[in-house]
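Please keep the sequence and the structure in view while reading.

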Amino acid sequence: MLSIQRLIEDIHSQLKPEFGSGKVADYIPELAKVDPHKFGIAVETIDGASFFVGDAEDAFSIQSISKVFGLTLALGKHGDALWRRVGREPSGGSFNSIVQLESENGVPRNPFINAGAIVISDAILAGHRPREAIGQILRFVRYVAEDEAIVVDAAVARSEQRTGFRNMALANYMKSFGNLAHDAELTLGVYFHQCAIAMTCRQLAKAGLFLANGGRMRSGHSIIPRERARRICALMLTCGHYDASGDFAFRVGLPAKSGVGGGILAVAPGLASIAVWSPGLDRHGNSQLGTRALQALAERAGWSIFD
Ligand code: DON
């Protein structure tokens, strides 16, 4: 039996000479302060084992990975009615693109591009004040990660609130089509705070476990129905890496969601949840070494869903 611990230690030492490669996101000024040489991997298997290596206990900004938790919550709240406001197709465009919104009447292609995630935040906000909606998202993440210490990094949220001009454009544009129920500013407040949740690889791997385990926590407690977990994973595979989703599926073969903080959460259905972190990004805004690490892990452990 292949030792997962040995495997991730191997990957860590193989990639070590390249730590720091890629480009740290700087369009959110607070993220530019992160040490580009950080690198961590954490694996949680559904049968109860935990493995980690490197900086897997350092908290980082989960950014777009939070869109997976936001979608899970919003589906719980609104069910399939949500799909009237957001699509389920890969966009083939960058994460913050506005172009398709014009011809597609303000309905974003999928819940993982920024426009789609903003609609999801708007859906979570229904019937609440922004502070309550943010609290709900944070409580959900703490619950699935089984860790009450997880917090929103207020400096990151403020930093994005000050500089998120594209997101403001996306939100206002969708509002003009009637696809935003609240003031753009309120919805974006929820979205920015959700993106600013800080987590370690270990916490993130734990939090993703319900997706690998048919919607259930390790304890057996059901978070979502199996069918919904399967569908969220399908969206992660097809849309989780924006215009690099096809390439990620080709190279890694696992449902996964990236974030500009340099994290990636990947799911090996029926087997494990994996979180990697390396802040240097490729030109699509996905972690460069994180993708390489997952490619090596999926290949050597035989975890690709296509194996
Ligand atoms: O809205 C943004 O631009 C960021 N809060 C999140 C973008 C992101 O993480 C894209 N992922 N690779």
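In what order do the three strands of the open sheet lie? The order is β3-β5-β4, and the pairing is antiparallel.

## Basis of the report

This is a predicted model, in which local features need pLDDT of at least 70 and side-chain atom pairs count only at pLDDT 80 or more, while totals for chains, interfaces and linings use all residues. Residues are numbered from 1 along each chain as its sequence is written, and side-chain values use heavy atoms, with hydrogens and water left out.

## The chain as a whole

The chain contains 13 helices and eight strands. Both kinds of element are DSSP runs numbered from the N terminus: helices are H or I with at least four residues, and strands are E with at least two. A compact globule of 307 residues would have a radius of gyration near 19 Å, and the value of 18 Å for the chain agrees with this. The radius is taken over C-alpha atoms, and the globule rule is 2.2 Å times the number of residues to the power 0.38. Along the principal axes, the C-alpha atoms fill a box of roughly 55 × 40 × 35 Å.

Of the 307 residues, 56% are buried. Buried means under 20% relative accessible area, exposed means over 50%, and partly exposed lies in between (1.4 Å probe, protein chains only). The accessible surface of the chain comes to about 12,600 Å², and carbon and sulfur atoms hold 50% of it. Such areas come from the Shrake-Rupley method with a 1.4 Å probe, and for residues only the protein chains shown count as cover. Among contacts (heavy atoms within 4.5 Å) with a separation of 6 or more, 68% join residues 24 or more positions apart.

## The three-stranded sheet

Strands of a sheet pair through backbone hydrogen bonds, either parallel or antiparallel. In this report two strands pair if DSSP finds at least two bridges between them. In the sheet β3-β5-β4, the strands β3 (60-61) and β4 (151-152) stand at the edges with a single partner strand each, so one side of each has no neighbour in the sheet.

Two bridges join β4 to β5 (residues 197-199), and these strands run antiparallel. Val-151 stands opposite Ala-198 in β5. Helix α5 (residues 130-145) lies across β4 and β5 and runs at about 15° to β5. Axes are lines fitted to C-alpha atoms, for helices over the stretch in contact, and angles run from 0 to 180 degrees between N-to-C directions.

## The five-stranded sheet

A second open sheet has the order β2-β1-β8-β7-β6, with antiparallel pairing. Its edge strands are β2 and β6 (256-258), each of which pairs on one side only. Neighbouring strands of this sheet are turned by 10° against each other on average, direction ignored. Helix α1 packs on the sheet, touching β1 and β2, and its direction makes about 20° with that of β2.

How many of the six residues of β1 are buried? Six of its six residues are. In a regular strand the side chains alternate between the two faces of the sheet. Gly-40, Ala-42 and Glu-44 point one way from β1, whereas Ile-41, Val-43 and Thr-45 point the other way.

Strand β1 pairs with β2 (residues 50-54) over five bridges in the antiparallel sense, and Val-43 has Phe-51 in β2 as its bridge partner. In the hairpin of these two strands, four residues lie between them, and Gly-48 takes a positive phi near 105°. Strand β1 also pairs antiparallel with β8 (residues 272-277), over six bridges; there Ala-42 has Ala-275 as its partner. Further along the sheet, three bridges join β6 to β7 (residues 263-268), and Lys-257 is the bridge partner of Leu-265.

## Aromatic pairs

Rings of Phe, Tyr and Trp (its six-membered ring) pair if their centres lie within 6.5 Å; planes under 30 degrees apart count as stacked, over 60 as edge-to-face and the rest as tilted. The count by this rule is seven aromatic pairs. In one of them, the rings of Phe-19 and Phe-39 have centres 4.6 Å apart and planes at 15°, so the pair is stacked. Phe-19 and Phe-39 are both buried.

The rings of Tyr-27 and Phe-95 have centres 6.1 Å apart and planes at 40°, so this pair is tilted. Tyr-27 lies in the loop between α1 and β1, and Phe-95 in the loop between α2 (66-78) and α3 (99-103), 68 residues apart. Tyr-27 is partly exposed, with a relative accessible area of 38%, whereas Phe-95 is buried, at 12%. Together with Tyr-242, Tyr-27 and Phe-95 form one aromatic cluster.
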